[in-house]
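Dear colleague,

I am passing on the structure that follows, together with a summary of what was found in it. Please read the notes beside the model itself.

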Amino acid sequence: MGSETKRWLRMLMLAVVVAAVWAPLAFGQEEAAEEAVSNEMFTVNNTWMLVSTFLVFIMHLGFATLESGLTQAKNTVNILFKNTGVVAIGLLTYAICGFNLMYPGDFNIIAGGWFGFAGFGIGEAADYVAIEYAGGNYTYWTDFIFQAMFAATAATIVSGAVAERVKLSSFLIFTVLYVGLAYPIAGSWKWGGGWLADMGFYDFAGSTLVHSVGGWGALAFVLLLGPRTGKYTAAGIRAFEGHSMPLATIGVFLLWLGWFGFNGGSVLSADPELVSLVFVTTSLAAAAGVMSAMATTWIVQKKPDLSMVLNGSLAGLVGITAGADSVSVLSSIIIGGIAGVIVVFSVLMFDKLKLDDPVGALSVHLVCGIWGTLAVGIFGPDAITDQGIGAAIMIQAIGVVAYGIFSFIVAGAITLALKLTMGIRVHEEEEAIGLDISEHGMEAYGGFQIFASK
Amino acid sequence: MGSETKRWLRMLMLAVVVAAVWAPLAFGQEEAAEEAVSNEMFTVNNTWMLVSTFLVFIMHLGFATLESGLTQAKNTVNILFKNTGVVAIGLLTYAICGFNLMYPGDFNIIAGGWFGFAGFGIGEAADYVAIEYAGGNYTYWTDFIFQAMFAATAATIVSGAVAERVKLSSFLIFTVLYVGLAYPIAGSWKWGGGWLADMGFYDFAGSTLVHSVGGWGALAFVLLLGPRTGKYTAAGIRAFEGHSMPLATIGVFLLWLGWFGFNGGSVLSADPELVSLVFVTTSLAAAAGVMSAMATTWIVQKKPDLSMVLNGSLAGLVGITAGADSVSVLSSIIIGGIAGVIVVFSVLMFDKLKLDDPVGALSVHLVCGIWGTLAVGIFGPDAITDQGIGAAIMIQAIGVVAYGIFSFIVAGAITLALKLTMGIRVHEEEEAIGLDISEHGMEAYGGFQIFASK
Amino acid sequence: MGSETKRWLRMLMLAVVVAAVWAPLAFGQEEAAEEAVSNEMFTVNNTWMLVSTFLVFIMHLGFATLESGLTQAKNTVNILFKNTGVVAIGLLTYAICGFNLMYPGDFNIIAGGWFGFAGFGIGEAADYVAIEYAGGNYTYWTDFIFQAMFAATAATIVSGAVAERVKLSSFLIFTVLYVGLAYPIAGSWKWGGGWLADMGFYDFAGSTLVHSVGGWGALAFVLLLGPRTGKYTAAGIRAFEGHSMPLATIGVFLLWLGWFGFNGGSVLSADPELVSLVFVTTSLAAAAGVMSAMATTWIVQKKPDLSMVLNGSLAGLVGITAGADSVSVLSSIIIGGIAGVIVVFSVLMFDKLKLDDPVGALSVHLVCGIWGTLAVGIFGPDAITDQGIGAAIMIQAIGVVAYGIFSFIVAGAITLALKLTMGIRVHEEEEAIGLDISEHGMEAYGGFQIFASK
């Protein structure tokens, strides 16, 4: 062969190699440029996110029944009213401003990932070519409604802690401000891509962003509100019994059910491996919380207390929420198991501190929310940083403290302003006759005399 | 002709033949390529429709708990019994004849889209090659069971309005006839492709076809049945208090939950953009209904009434049902908000008219069903006609009136026939001791004396 | 260039073209050969299985509310506590050993499909390349969690039958052993690919493997436990009324809801035709059970008993569970209808036999579980064998008897051992004051005096 021929051959061989290597790459890039995933994958991802949405929705019925079950019958209408209102307020404020505060795009008000706002209202469908919006994981509408269902949770947690003595109108105004402004601004720091996201802070589904934010708000409100009349006296601590343990149990099971969407939907796609792992860690953490709370209450209180066991399952669920996708199965059992122990002692501790919390919201959502957030540093540090467990825990602690300071101050300021103006507490006589009659002019069990009189 | 000319002619003739044969084939293939979906898309579509099916199913528990919560304890067993029976009757009659009356294929009995029947019973799987049945959206079985879950709703709405004095056996017979015959025949006019579909009448998920059909049936029955004994006296209107507001609240949340399937499933596929839009409009309409009913009851009745707020959410949901896929987000808030105002005044109005409706079914389902249907003409006229808002409202009004006349007359005829033969009302003593004892020989709260005696 | 060179060049150029066209195709085909389904299909299949998982989860709330509703108020806390504990125990024991006993891979302890164990604990995600695990139907995690949700059911059934007199600690230990060991070992015979699977025994979703296994356990426990004090006396049979029919009704509707996942998920994929058929047969069997139980109770007991009708729906559901995927629609109505008749007479029969079962668990789960299993032989014999109906029924009967002997003996042995050591029954005074006070030191309706005192 002549030299020219050899040159041709070398060029051709090179072409073969290039073609073999490059063609699939080019093909792949073309695919990526066209659509991140197929329309089928987009549809199943989006469907799963909508299923998760209705699961998170039903958590609000869980909160309503849990709170009313664990409190006195004379305040039941008021509690159901609050919880219904909170859902409506959460959805509407999130549409008006919350969504665009939490996901501002760029932080156009305080740079560095602190505060941004993308404007009032939510867009129209035509603005968003559906599949490109989130790499084929969900539509703009799904993004909004899934996150909107989360929003009301922060105020619902407060609702439980302040039950049986809070003034309805003040609580509703608190809800508008705390859910409509404080929650999404705080949320933007991590889920909106702000400064805590940059730092590596990890909170998969909201042990801190949702549960402890609600818990800190509850703490601030309770401190300014004071305990129920007659709760802490010289004679000791009066136990106000819950008026319906079936309602409370229904509440806990519905919350557990909803958590499959709360955590499962936080995968933000229907990814089979991740969503199914989250189902396993979530379920086992809850189960471990039940068993460890059962053992703890049986030992500490001599008899196994149902409300402690119910709170044990919620403690496990709150505890696993920050790391449900990034800890091992065994770790999920340990995290949930420890949460179930913590919650029992925490409930007893808050009573010693004379912080009156009728449903144990501070213990479940604040204390176990903090525990769950730190637990990711211990059991799944790789999700946070490659600098080891110590650094991971430190980063998580910074997030916990940052959310604590912000939430406590904002909730305290709102509550204080309300206390100084319209008041945050019903009159003592109103508390005595119950908020159902005093605030709503009706009873929860109006037909009751019919069977009580027999 | 020269040979060249002949060659030209032959080529042209060949072109005509090829075009005649090939064009439709090519067009058909193109259509098939566009319409026929992949097996994956078929599977996710069908899965979403089945999820919607179980969501609609749980609405029946919502109706059962709402109705029993808003009525007296002495009639609770009867109400739970009715609602359980209605679901069973709805499913079975829909299998026997309802499905084939509602979707008759061609209108073989009264032409012009008025009345058709495709025969008794539902087919066997082998008759239907699955993916072709509905363009890859769902199987024949899914089609049947999703629609069957809707069917019982019409009678459940009646159940609420006639509660606490209706005779059980007569109500069950009414249910068989109204759900098994009247509902599907009326439904065929629109969803079965009948004359109202031809006219452009729009009712996405059934503000009219389901809710107002149930509402008109309730109105006819209530007129023939009369109010509860002692309701309207010279001394004024007696308020029969609901015996359990927790049950009523559980009912409303379950209905809202189920509405995600009722409206979301009415997309008839898992189309991401449309289903997620429907989730948003449905949720925001319900939330707006809650808030506007809250404001209205607080102003009108001085104290915020929980049952009004609960009905406000249902009013918003019924209102958005006709146009959930074809109005803007802002419009959905307006539609739901107006429904929440309407329902409060409507409840007060029906009491002034001495039409006794223990649960407010007429206000929620009939009045807000009409409002929601007309609202599509106002806020989404393009879904109906390109002739402008006036024409759109007119078409919607024709549909509303047509369903009203048919439903009212048929329900009235059935009820009158029952009244003249076996009677439709329990004796006054039976009403006084309660339907639980008189109709069922048991109490809803039989274990009650144990804790009432302490 | 010489002609040889040109030939080389042409061959090389051809090779380039062939490589560019063929390589990706070949690669794709190879992929297809390895993976049964596309990633999209895998995702929708897995999503449906997870939806089914949360549906089965909510059945446990259904069992809890049904059982507490049908029993006395003084034992409500205890019942709710048991049911919460059973879920937690079921999930944890299934993770520790149950899953690996039920699906041992090979039967390494007693060969021939009798007993195998794949080791303690469940694996880590990295061990399983997701899509290959089950032919693209679900992940390892989904497999585990779906089956784990089933596991607790066996003990929950026992819980209902032994309610109001069983000792809490003994029942919890029984649950650990029966759910953690007996249930999965028995299950391996069929679903784990053991000897009954080899024989052709058919039990689609567990009429026998779940329901009658629970039922036999209940029978053994009840025989050793005895009836509630005062149930069967010389004066006759005392009816202990259920204390809340709304709770019982909520329970039945939640169980029916969950059954869409129990049966629908047992398809083990989202296959459109099969899952939708299962929805239809399951719904119609339940509806037929309601109507036939209604007719039977109305005729036999003169007045229509709500608890009988509720049990009628469960009877239909248990009855269809074994063959929901393999009988016709008409057959499903017949199977459910017969189950609804059976359950009424069975409840009356067990009372005649002085086997005290407060919720009718023996009738619903044991008797109708057997009926449903045999019914597959009658209405869907082709799913079992091609040897005709007689052979099919015989194979089903062998399975029924095998599960009966094993479950009854194991449950009896566990219960007897507990009876001889720590006791299985509370003291008579404890039973009189109620298990809520005696076992838990709290009441279910603690706030009650507030409205009872008016």
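**Chain A against chain C**

Between them, chain A and chain C bury about 5,500 Å², of which 82% lies on carbon and sulfur atoms; buried area here is the accessible area (1.4 Å probe) that two parts lose on being put together, summed over both. This is a predicted model, in which local features need pLDDT of at least 70 and side-chain atom pairs count only at pLDDT 80 or more, while totals for chains, interfaces and linings use all residues. Residues are numbered from 1 along each chain as its sequence is written, chains are lettered from A and ligands numbered from 1 in the order in which they are written, and side-chain values use heavy atoms, with hydrogens and water left out.

The contact (heavy atoms within 4.5 Å) takes 60 residues from chain A and 66 residues from chain C. Zero salt bridges are counted between chain A and chain C, a salt bridge being a side-chain nitrogen of Lys or Arg within 4 Å of a carboxyl oxygen of Asp or Glu.

On the side of chain A that touches chain C, the elements giving two or more residues include α1 (3-34), α2 (39-69) and α9 (272-300) of chain A, and α9(A) provides the largest share, 15 residues. Helices (H or I, at least four residues) and strands (E, at least two) are DSSP runs, numbered from the N terminus. By class, this side of chain A has 41 nonpolar, twelve polar and seven charged residues, where Ala, Val, Leu, Ile, Met, Phe, Trp, Tyr, Cys and Pro count as nonpolar, Asp, Glu, Lys and Arg as charged, and the others, Gly among them, as polar.

**Chain B against chain C**

Chain B and chain C bury about 4,800 Å² between them, 81% of it on carbon and sulfur atoms, and the contact draws on 60 residues from chain B and 54 residues from chain C. Across this interface the rule finds zero salt bridges and seven residue pairs in polar contact, both at pLDDT 80 or more. On the side of chain B that touches chain C, α2(B) gives the most, with 16 residues, and the classes there come to 35 nonpolar, 20 polar and five charged residues.

**How the copies are related**

**Within the chains**

Chain A has 16 helices and two strands, and buried residues make up 66% of its 454 residues; buried means under 20% relative accessible area, exposed over 50%, and partly exposed in between (1.4 Å probe, protein chains only). A:Glu164 has a positive phi of about 80° although it is not a glycine, and at 2% relative accessibility A:Glu164 counts as buried.

With kind regards

Key: A polar contact is a pair of N or O atoms within 3.5 Å; within protein, one must be able to donate a hydrogen and the other to accept it, and residues adjacent in sequence count only if both atoms are side-chain atoms.
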